[in-house]
Every structure is written in C-alpha cells, then in structure tokens.
Amino acid sequence: MLEQNKELLPFNTFGLAAKAAHYAVVSSTSDVRAAIQGGIRPIRVLGGGSNILFTQNMEGLLLKNEIMGKEIVRRWPNRVHVRVGGGENWHQFVQWAVENNLGGIENLSLIPGTVGASPIQNIGAYGVEIKDVFVRLRAIDLETGKERVFNQKECAFGYRDSIFKREAKGRYLIKEVVFSLTTQQHRINTSYGDISKTLETLGITTPPTIADISRAVVYIRSIKLPDPQKIGNCGSFFKNPELPAAVLTDIRREYPQAPGYDLPDNRVKIPAGWLIEQCGWKGKRVGNTGCYEKQALVLVNHGGATGSEALQLARDIIASVKARFGVELEPEVNIW
Ligand SMILES: Cc1cc2nc3c(=O)[nH]c(=O)nc-3n(C[C@H](O)[C@H](O)[C@H](O)COP(=O)(O)OP(=O)(O)OC[C@H]3O[C@@H](n4cnc5c(N)ncnc54)[C@H](O)[C@@H]3O)c2cc1C
C-alpha cells in the first residue's frame, strides 16, 4: 500500500526526522512491480536505515524492503548454499547460521541492517567481508521490474564497495542473496582486532567454535560501538583511506607512531579514526551532533540533531584531516 508523507524517524539508526513523499513496504517481486508501475520517480530502497544520513525530505518513492525467507538450497559434505531474503535482519541471520553450525559469517556478528544491503558496500568486520561467502544475488530492476542474477564477478566487490555503489547505483532492489557456508572444518579467523584476547577474557581455552567467535565479536562491538537504540549513529562514518605507501612514510616523519596496514601494489590502509583523533575531534560535541568519545570514526546524534548538522560536521572533519595530513576522507555512509 502506498503511503504519503511518511515519517522516517523510526527507520534510521542516526535518529533523523525526514519524510518520504511516497512510501511502500514491499515483500515480494509483485509488490515491487505494483509500486513502480505508478511512474513515481526517483525510486530509492530502504533496508534497516543503518548506513543512511537523511539531510532532506525524500522526493519520489521509497521502497522499504521486507522480502523475507531463509532456505538451504544446496548441500555438499562440507558446505551448504543458503538463500536469504533481502529484508531479513543481518544479525538474526548470523545467529541462525551459528545456531545451525554454519560457518563463515560469525565475524560479521552484530552488524546492523538487512541482508539485502550487505552486498551494497560489501560489509566487513574482523577480517571477513561478505564477498568471502557470497555466491550470487537476485535483484529487481526498478525501471523494468525484471529480475536479474548477479554473480560474484558481476558485483565487482571492493573495500566497502560494489557495482551497486557505482555503475548500478540506485537501479536495483536486491531481493535475495545466496551465501556459501561451511558445515564442518570451519575456517576460524581470530587474527583480527581483539578476538584472541577477548576469547581469553571470556574463559575460552579450547580451540574456539564459531559460536565462541560470534560471542567474542558481540562482546567487543558492544563495548566499542555506540548502541543506536541509545545513541543515534551510522557506525563508521568514513572509509579508511587506501593510499600509496609514500603518504604514510611522510606522515610518520612527524608522527612515528602513525598506524598503517600494508596492501598489495605498494599501498597502505590508514585508520581514518586515528587521523580524525589527531585533529582533536574525538569526543567533541558540536551542537546536537559530535564524534563518539570511544571511536572518532563514528559520528553521533546527541538528540535532536539534523542531517545537515551532521553533514556539516563531516565536512569540517574532512577539511581538517586534509589540512593536517593532505588526506581526503571519503564518507562510507550514504548521504541522501
Ligand atoms: C553501530 C553500527 C555498526 C556498524 N558496523 C559496520 C561494520 O562493522 N561493517 C560494515 O560494513 N558496516 C557497518 N555498519 C553499517 C551498516 O550496518 C551496513 O552498511 C548495513 O549493510 C546497512 O544495512 P541497512 O539495511 O541498514 O541499509 P540502509 O542503511 O537501509 O541502506 C544503505 C544503502 O543500501 C541501499 N539498500 C539497502 N537495502 C537494499 C536492497 N535490498 N537493494 C538495493 N539497495 C539497498 C540503500 O538504498 C542505501 O543506499 C554499521 C552501522 C552501525 C549503525
């Protein structure tokens, strides 16, 4: 059913007030086809609203994706293919996988949002990205209503990136995603961040199971990141810049302790949070918005913030990092 002037405050984790001129909840391909038939444009897709900053009211039609379902579609001795509806909650899917001893996404526990949004920016955390378990997805073309399948290569995944953030931006609604998960000999990944240390804290001394990893990741994230239910935020606001190694060498002349991680092709990834912190933003409040006190990469809504206020803060942060380090930060969040 098409609704007009729909308030979007309950549907975004930054807690911003904005209205959609036309709004429809879709739970099947025929719902999508019916909604787009009226010719209202532009069309946008909303999942859990955990990676969007609303800076204005939305013209056109907003489709809230609630296409559900979870099914094992193929089995091998060591792994299965699971098809999941795009409207399913990501973390609930991870929990379901862990409970059913299906491995591969336990490091991605507690990431907010929907399954359908997970390929958009190739969600990642603790050394795993969805491209590592991705098989294919089925999407609906929002102009023609036709379905199209994308395989791994066609999605062109990169760091917080895919074809859906570039050439195919805004063109499709991702209806379902198929993942390849292990049923035994799981590839346990404890190499990243504080996972090993946290397993010790949790008293896990035997080789960890996928359930242990999930528990550890939930534990770390609950301490480090603000809970959107309590303080509005979109997670990491900026991408970690990937730059030629020479840029880090230059920065280390003045800041010998500057962190950086080697990438192929003589490039490095520099944590954006560190750059922002050096510019004095960590924990700083500006009006109703600010930088989270425990992690400078996260912008927060202290209550009553507007999207334009948060956008201005983001622009000021970008300018000060550029002035000090010559590095141009790029938002990870979708600015609408
Ligand atoms: C506390 C917190 C922690 C976070 N941690 C991480 C993290 O560790 N790693 C990480 O990668 N991200 C992280 N994020 C960001 C966010 O959770 C992910 O980007 C998530 O995939 C967004 O899902 P969503 O359903 O909320 O998408 P939305 O915010 O609703 O939409 C995001 C974009 O995807 C598009 N979109 C959504 N669903 C569909 C669909 N079905 N078809 C087509 N387009 C669609 C929207 O149009 C929009 O452009 C975090 C966010 C928060 C608030």
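This is a predicted model: local features need pLDDT of at least 70, side-chain atom pairs count only at pLDDT 80 or more; totals for chains, interfaces and linings use all residues.
**View 1. The five-stranded sheet.** S10 and S12 belong to an open sheet with the strand order S6-S7-S12-S10-S11. Its pairing is antiparallel. Strand S6 (70–75) and strand S11 (147–151) stand at the edges. Each has a single partner strand, so one side of each is left without a neighbour in the sheet. On average, neighbouring strands of this sheet are turned by 25° against each other, direction ignored.

View 2. Strand S2 (residues 19–26) and strand S5 (residues 58–65) run parallel. Six bridges join them. Val25 stands opposite Lys64 in S5.

View 3. Pro42 sits in the loop between H1 and S3. The peptide bond joining Arg41 and Pro42 is cis. Its omega is about -5°.

**View 4. Two residues with positive phi.** Asn122 is not a glycine, yet its phi is positive, at about 50°. Asn122 lies in the loop between H2 and S8. Is Asn122 buried or exposed? Asn122 counts as buried, because 21 C-beta neighbours lie inside 10 Å. Arg160 is not a glycine either, and has a positive phi of about 45°. The place of Arg160 is the loop between helix H3 (152–155) and S12. Arg160 is partly exposed, with 19 other C-beta atoms within 10 Å.

**View 5. The shell around the ligand.** There are 33 residues around the ligand. Which of them come nearest? They are Gly47, Gly48, Gly113, Gly116 and Gly235. Four strands each supply at least two residues of the shell: S3, S8 (124–125), S12 and S13 (232–236). By class, the shell has 15 nonpolar, 17 polar and one charged residues.

**View 6. Helix H5 and its cover.** Helix H5 covers residues 210–224. At 1.5 Å a residue, its 15 residues should span 21 Å. The end C-alpha atoms are 21 Å apart, so the two values agree. Buried residues in H5 are Ile210, Asp212, Ile213, Ser214, Ala216, Val217 and Ile220. What covers these buried residues includes helix H2 (90–99) and helix H4 (195–201).

**View 7. Ala323 in helix H8.** Ala323 lies in helix H8, residues 307–325. Ala323 is exposed, because 9 other C-beta atoms lie within 10 Å of its own. Ala323 and Leu9 are 314 residues apart in sequence. In space, Ala323 and Leu9 are 35 Å apart, C-alpha to C-alpha.

Note on methods:
Residues are numbered from 1 along each chain as its sequence is written. Two strands pair if DSSP finds at least two bridges between them. Axes are lines fitted to C-alpha atoms, for helices over the stretch in contact, and angles run from 0 to 180 degrees between N-to-C directions. A residue is buried if 20 or more other C-beta atoms lie within 10 Å of its own, exposed if 12 or fewer, and partly exposed in between; C-beta atoms are placed from the backbone. A residue is near a molecule or strand if its C-beta atom, placed from the backbone, lies within 6 Å of it. Ala, Val, Leu, Ile, Met, Phe, Trp, Tyr, Cys and Pro count as nonpolar, Asp, Glu, Lys and Arg as charged, and the others, Gly among them, as polar. The expected span of a helix is 1.5 Å times one less than its number of residues. Two residues are in contact if their C-beta atoms, placed from the backbone, lie within 7 Å.
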